[in-house]
Amino acid sequence: MASVCARIGFGVSKVLIRRNKKPIVALSQRWATHPATYHDTLSVPETKVTTLKNLFRVASEETTDSTATVGVWVDTGSRYENDKNNGVAHFLEHITYKGTSKRSQLDLETEAENLGMHLNSHVSRDQMAFYAKCHSKDVPKAVEILADLIQNGTYSEADVEKVRTEVLREMQEAETNLTDVALDYLHATAYQGTSLGRSVLGTTESVKQISRKDLTLFVGTHFKAPRIVLAGAGGVSHRQLTELAEKHFGSLSLNYEHEIPVLPPTRFTGSEIRARDDDLPLAHVAIAVQGPGYASVDTIPLAVASTLIGSWDRTVGAGASLSSKLASACSQVELCHSFRSFSKSYHDTGLWGLYFVADRLTIEDMMFNVQGEWMRLCTSLTDFEVERAKNQYKTDLYNQLDGTTQICDDIGRQVLYLGRRIPLEELDARIDAVTAKAVRDACYKYVYDKCPALASVGPVEGLPDYNRIRGSMYWLRL
């Protein structure tokens, strides 16, 4: 009798079928697949948070990874500095690895290298972080090293001078990165007269004056138990991490010998900085309005709006088919070399805007299109555009959590800002709840007819006058 060989699925299993008869070989249950639901993809481990007696917090997310990232996040940064010690937090980040009372710099580097451990740190305007990525079995040693670094720094005069030279050299190199220069100028003009306007790197004058006394005073004032979070992600047990925190951070003081640091007030000022330099080939321009703080309900709608505008680079091989109307216009008319929209939130305020790089002759046209797109978001945004932007925003968020280091950073940052980490299911529901009306209302509240802050570097003669830019922040409609 003739037989037919039928291939099932992706060619993994075969079933021999006789005509008018049942299969003589059943499909193995081993290969039976069930597509994962969207809810299944969000089923991630719970982020557990424990507070010790001295108000030191421990937060972690345990997975089956063979590696882990543990780190210390501190609620401080350049906005807690003053004109005299501006740059001390960044200075401290460098000198921390020069040695402690228990370990010399060579001992620290040798020990970390022998364990295959990666030590790293970063400082921003309102947070500092010191973290280590290591094998799961080495988590106790990583926590002990981190505790030693932030509690037992020696800050010798020789190390201070050595780090001063390193920081001044870094500041010279940073001046060649015009993107960072423009965004620093944007903060300086938007928050002029307040601590949030200061550069993280500090000024040349302030860095030259930083002393060991400034470092010890800054650590003694801000590195207190209630202002610190020990975060972990990957192959790390929350119970183990809590016990390690009790052992190494349990004696950390919660009493203040000096004045208790409070969040410095901010004030947004619509203004501009123009650093014209016709010798540069391209103009770097950043424009922004005041955005909400991290915990505001308007943060997600504005983030969706920022995603809708998106980013673009002239190397992208796409044209009119791009979903972003601004990107499509830039591609077809060559308005700029690149642009990216941003939405940056701090404790109590934020910046929502756009940064672009353009030729000197197209700056005016680019600015006209940027503001036109902003006004469209405030008045005539469609549901279809918002749904597409929400999906893109989710993808961007989840891609940022690809790895234990990224997850650990997210945990530390959110616990400092919110006191907890928002579960992905809750975050997903918040994004899904955003409607076109919610985005329009948020844009109307923060963007429409508001004074923007503007920073530009390079050949910016063609940039419109500030009063004209301010006049384009609303539409006259009949």
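Which helix does Thr221 lie in? Thr221 belongs to α8, a helix that covers residues 212-222 (helices are DSSP runs of H or I with at least four residues, strands are runs of E with at least two, and both are numbered from the N terminus). This is a predicted model, where local features need pLDDT of at least 70 and side-chain atom pairs count only at pLDDT 80 or more, while totals for chains, interfaces and linings use all residues. Residues are numbered from 1 along each chain as its sequence is written, and side-chain values use heavy atoms, with hydrogens and water left out.

With a relative accessible area of 12%, Thr221 is buried (under 20%; exposed is over 50% and partly exposed in between, with a 1.4 Å probe and protein chains only). Its side chain gets to the backbone oxygen of Leu217 at 2.7 Å. Setting aside neighbours within four places in sequence, Thr221 is in contact (heavy atoms within 4.5 Å) with Tyr256, His258, Glu259 and Pro261.

Strands β3 (residues 47-51) and β4 (residues 57-62) pair antiparallel over five bridges; pairing takes at least two DSSP bridges. Thr50 has Val58 in β4 as its bridge partner. Five residues sit between the strands of this hairpin, and Leu55 in the turn has a positive phi of about 75°.

**Nonpolar cores**

A nonpolar core is a set of buried Ala, Val, Leu, Ile, Met, Phe, Trp, Tyr and Cys residues joined through side-chain atoms within 4.5 Å. The largest one has 66 residues, and Phe339, Trp352, Phe356, Met366, Trp374 and Val447 touch the most other members. Helix α12 (residues 363-379) supplies the largest share of this core, eight residues.

Conventions: Polar contact = N/O pair within 3.5 Å; in protein donor to acceptor, adjacent residues only side chain to side chain.
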